[in-house]
Each structure stands twice: as C-alpha cells, then as structure tokens.
Amino acid sequence: MLTPLAGTAADWAWLALVFPLVGFLANGALALRAPHAKRAVSVIGVGSVVAAFVVSVAVWFAVARGAPDSPHIVSLWTWIPAGPLRVELALHVDQLSALMLLVVTGVGSLIHLYSVGYMGADPGYARYFSYLNLFVLFMLVLVLGASFPVMFIGWEGVGLCSYLLIGFWYGDRANADAGKKAFIMNRIGDAGFILAMCLLWWQLRSLDYVVAFERADSLAAGGTIVTGATLLLFLGATGKSAQIPLYTWLPDAMAGPTPVSALIHAATMVTAGVYLVARCGVLFALAPLTSAIVAGIGVLTALVAATIALTQWDIKKVLAYSTISQLGYMFLGVGAGAYAAGIFHLTTHAFFKALLFLAAGSVIHALHHAYDATGRHDDPQDMRNMGGLREKLPWTFAVMLVGALALAGAPPFAGFVSKDGILATAFARGHDAPLWYVYWGIGIVTAALTAFYSMRLVRYTFLGANRTGEAERSHLREVPWVMTGPLVLLALLSVVGGALNLPAVLPRPELLARWLEPVTEAAHVPAVHLSHATEWALLGVGAVVALAAIGAAFVWLKPETLSRASQAPPATGIARVSFRGYFVDDLYNRAVVRPCVWLARRVLWRGVDDGVIDGAGVNGSAWIARGFGRIGSWLQTGQLGTYLTVFVLGVILVLWAVR
C-alpha cells in the first residue's frame, strides 16, 4: 500500500544504517591492519555518523512534508519465512522514528567528533571508533525496526556494544567486570522481551507493529494477556533503561571512556526502554495496571537515584545516577499516557546529559594531563581533587553551568520545560486517581534534589579554592576546539531545546506533541486538561523549587571545607548509606551472586562436572575398561596347557547349559 512518503527520502532511510555499518567495517579493518592510521580512522568514524545524520535530516523533512497518518514501511528482504511466522527485515518510518533518528545521529555525531580529541592518544583508537560506529548502527536498527524481532536485533546489538565499550580498557579487571555486569543484567530484562514476543505472537499471530497494533483491539482491556505482555515488555525496559531493580549496572558503566558514557546515557542504549513503551503505547493503554506500575517504578527510581547522587564524589557517577533519575521521569510520563511528554524529555535530556558528560570528560582530560606532567597518581574524577577550575577551564565551566541548569530544571532551560510537561500530566491524572498526586509530589521532591546535586557538582568542581595541587595547577589548560565545539553546540540546544514543546499557556505551544499525534493518538489515551491558572501555578511551583534548591546549594555547600580525596575522612551515617547506594549491590552480591558462585563451584563444577561427568562418566568408564583389560591379561599367560584347560572347561559348561 502506497503512503504519502512513497518516492521520497523516506525510501532511503536504510542508508542511515549503511553508513555506520561501513564505518564499523572500515575502522575494524584498520584496527587489525593499520591501527596507527588515525587520520583515516577519524574521517571514517566521524564522517559515517555525520552522513547518517544528513540522511536523517532528509527523512525528517520528508515526514514533515508528507505528514502521514500511517507509517511508511521500507521492506528490505524476508528475514524469517517460517510458515505462519513471516518476518520482514523492514524499516518503520513515522514521526517517532524520524525524531529518534535525528537525536541518535545528531548527538552521536557530536560525541564522535569530541572523541577525536579525547581518545587521540589511546592505542586502541581505531578499535574504539569501530565499536562506536557499531553502537550507532544497532541503535538505529532499534528505532527503525518495523517489528519486534527487528527491534530485538538492535536491542541485543546495543547490549553487545555496551559490553565492548564499557570494558574497552579490558586490561583493568574492574573495567572488564563492569562490562560483564552490564551485559549480564541486561540479559535478565531481555528474557522478558523475548517472552513478551512469544505471548504477543500467540495472541495476535503477528509481530509486525502495524498488524499487531491493529489486532490489539481483540485483547480485553485490562485482561491477563495484555497486562502480562506489557509487564514483560517493561521488564525488558527496566534492564535497558536502568530502572529498579535492574539499575545497578549503569553507575559501574562509568568504567568506559567518557564519550562512551555520554553516548550510552544521552542518545542510545538507556533511552531504548522509554522508546519501547512509547512505541507500544497501543498495548500499554490497554493495560492500566501496567501503566500505573511503569509510572510508579519510574518515579521511585527517580527519587532513589537522586538521593544517591547527592553524596557521590566521582563526577561521572553523579551524572550516572542523575541519568537513572531522569529516566525515571520519562517512565513517569509514558506511564501516565503522556507519550509526547516522555519523548520530549528524552530529547532534551539527550542534549544536556551529553553536554554534562562531555564537559566532565574535559575536566578529567585536563586533570589527567596535569597529573601526568607531575607524576602524581590522584583520582582525576574525584571532585574533592578539583575546585577553582573556572579560571583554568572557562569554556568548560560555562557549558557545564548551562548543562547543570538545564538538568536542575531552572527556567528557561530545556530541562525545565520538558520536566514540567511530565509533572503537569501526573498532576492532571490525580483528578481520576489520587495516587497520581503522590507521584507528582515525589516528582517535585526529586526535582529539588536534582537541582541541589547539579549545583553541588558545579560548585565543588569549578568554584572555591583549587585542590588539584600546587605543581599541577600550572599544567591545567582548556581542551582543544575539537572537544569544545561540540560542547558549545550542545549548550545551545540545552538552552533553546525547550521551544520544541512549550506548555499550552505559552505562544506556539506543544509543537512536538502535535508532531507525534499520528503515533500517540493510536493509543487512544484520554486527554487530560488543566486550566490556564493551574498550569501557570504548576510552572511557578517547578521554577520556585528549582531556584530554591539551587540557592540552597550555594548557601549550604562550602568548598573551602573540603579536603583532597586522599585526606578526606570516610563517610558515616546516612551519608555512607547513600554513598554506597543503599547497599543494593551488596545485597545482590549476597543474595544472588554468592549463591550462584557457590552453586557453580560446589555443585556444578565439583559435583556434576568433576564428580559425575569426569568421575563417574569419563574416569569411571576408563576404570571399567582397565579392569576388563586386567582380567584379560590374567588369561593371556602364554602357556598352552592353561589354554587347553580353559577350552575344555568352556566346552563342558556349554554342553551342561544345553543339555
């Protein structure tokens, strides 16, 4: 069936996949054959993603001009022709996928460009860009796939790439373990995704989005099947998007290079779960219990992660827990049926979180250079070893401040507008169920905590006296333009990005919501309405909370009281509990990891492998064979008289047996 997008650039959406694929293969070959050809690696690595961004822009313009009410399917070839199960390797082009294309390739291009400066001295430069291109490729497959199985290719692909990139410096045991932890914990969620696909196939007899969503009306609203399927899908989302209880892998993922952290947190892997729920809004709208659980888990994760971020000293871990918290906001939005608001916060978060991670990378890069110059071995990621960097890194300070204000939800930055849309929807839902008022209240408290730890990061990193070291201070300098340029662009987007979806009370409101209407309206979620007075009041509450928390951070926090990390006393009391992440990792280690290790070593290895397979099976059969061999050797004496005696006895026994 022809759509308004037939014959347009949408037909060429597959090119957005081809360019990163070519980049992966080319840089992979260079990593093996010519690892020192850094200029070629840079051109291929950055150019392939920029080319994909150009294709994405063309696709976006085609969708904007065509304004299709139904998706445009670009079928490449038949992948699984298995009787009634027929899966096409096809791409799904609509307003949602076009937006995600822009986010992934646009922010991804800036991160690739930044990586040229950040990773320039690394001996694994070509391998790094090969993995990074592959990461973008799989994320594009995930957002463009026209069916659950095709999405699952990208879903598993980004999991593989996260393992490769988090453990990129695999010579360090901690980095390798962090990569394995991310890979294994995501497999738990992925099992839910697979079971959900099986359940949907059993009921709907199709895994293509268009067909499955059309047949979803045959499912009983609130019934066991649709509730079970959506809960399983959400289990997959909790793994990829690091929500309770599968969130503990993401802070450890900071072991990888900082641009990898920016890519994972801003534009790729962790947003996949939010995209999944938004894409399957038709199914989640039929499961109100699941939607309430999605929102509840989201807002609880947002609160818990924000309280942990308050006490972290590693600059990247502050941002890691911040990502977990902000993802919780996104799930609150999509759980409330505000799919456009959730995707809007996903978009603005991509801007300011990429900015924050890359700015943090610039700080770490500068401190690494200073410590290398003096031979000092302090931690360049610990904020207690920073302070007073505003004078040495003025550009980095400026863009980091912009990113922090956007994260804090300070008006008029992008984070303020996108977060308000989610909280306003939760408040509006409270008219139907008071539980949503509780969710809104938790969201407001979390917003205050977010603003506080955002300014804590800026204050302890850039303000006050410098704690880097007397000898190191003279070696601190701003990063090169290839790293600063992407930061400036991301800072600009973090300021103006809120204009994409302004509240209804402001001029030119809800542009993104109207853009996504053909996708979100299919879910048939009842619209929520707030009076202009209420909406202005909610905007005012959000602004006051953010500004008050920012002011409190500047009043209460005293950088001059900090000691260097090597001299700082250990945390005690509630601060220690928060710093250790409420000991959730320790709980998992005791309740899951240690029993599994004991089972593997004592039962499966010592008992089954050594005892049954090697002992009774392999060694036992060898012992029996040796025993028969010894018996046979006793009979082989070489004496003719013995052989005749045995022969005669045998004949007598045979005659006796047959008599």
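The model is a predicted one, in which local features need pLDDT of at least 70, side-chain atom pairs count only at pLDDT 80 or more, and totals for chains, interfaces and linings use all residues. Residues are numbered from 1 along each chain as its sequence is written, and side-chain values use heavy atoms, with hydrogens and water left out.

The chain holds 26 helices and 2 strands, where helices (H or I, at least four residues) and strands (E, at least two) are DSSP runs numbered from the N terminus. Along its principal axes, the C-alpha trace spans about 115 × 70 × 55 Å. Of the 659 residues, 54% count as buried; buried means under 20% relative accessible area, exposed means over 50%, and partly exposed lies in between, with a 1.4 Å probe and protein chains only. Among contacts with a separation of 6 or more, 81% come from residues 24 or more positions apart, a contact being heavy atoms within 4.5 Å.

Helix packing comes next. Two packed helices are described by the angle between their axes and the distance between the axes. Here the axes are lines fitted to C-alpha atoms, for helices over the stretch in contact, and angles run from 0 to 180 degrees between N-to-C directions. Helix H3 (residues 95-118) and helix H15 (residues 339-374) have axes that come within 11 Å and cross at roughly 5°. H3 is therefore roughly parallel to H15; angles under 35 degrees count as roughly parallel, over 145 as roughly antiparallel, 65 to 115 as roughly perpendicular and the rest as oblique. On the H3 side the contact includes Leu96, Leu99, Met100 and Val103, and on the H15 side the residues include Ile343, Leu346, Thr347 and Ala350. The residues of this contact of H3 with H15 comprise 15 nonpolar, 5 polar and no charged. In this grouping Ala, Val, Leu, Ile, Met, Phe, Trp, Tyr, Cys and Pro count as nonpolar, Asp, Glu, Lys and Arg as charged, and the others, Gly among them, as polar.

H3 also packs with helix H11 (residues 272-279), at an angle of about 165° and with the axes 11 Å apart. That angle makes H3 roughly antiparallel to H11. Leu96, Ser97 and Met100 of H3 meet Tyr275, Ala278 and Arg279 of H11. By type, the residues of the contact of H3 with H11 are 4 nonpolar, 1 polar and 1 charged.

Helix H18 (residues 435-462) can be considered for its length. At 1.5 Å a residue, its 28 residues should span 40 Å, and the end C-alpha atoms are 41 Å apart, which agrees; the expected span is 1.5 Å times one less than the number of residues. H18 is mostly covered, with 21 of its 28 residues buried. Glycine 464, with a positive phi near 75°, follows H18.

The loop between helix H8 (224-240) and helix H9 (249-252) contains proline 245, which is joined to isoleucine 244 by a cis peptide bond with omega of about 10°. Alanine 242 lies in that loop between H8 and H9 as well. Its phi is near 55°, a positive value in a residue other than glycine, and alanine 242 is buried at a relative accessible area of 0%. Isoleucine 244 has its C-alpha atom 8.0 Å from that of leucine 300, 56 residues apart along the chain. Leucine 300 belongs to helix H13 (residues 288-309) and is partly exposed, with a relative accessible area of 41%.

Proline 412 sits in the loop between helix H16 (394-408) and helix H17 (414-429).

Finally, phenylalanine 583 is found in the loop between helix H24 (573-579) and H25. Phenylalanine 583 has a positive phi of about 60° although it is not a glycine, and is partly exposed at 25% relative accessible area. Aspartate 585 is placed in helix H25 (residues 584-635) and counts as partly exposed at 31% relative accessibility. Leaving aside neighbours within four places in sequence, aspartate 585 is in contact with Lys181 and Thr248. The C-alpha atoms of aspartate 585 and tyrosine 247, 338 residues apart along the chain, are separated by 10.0 Å.
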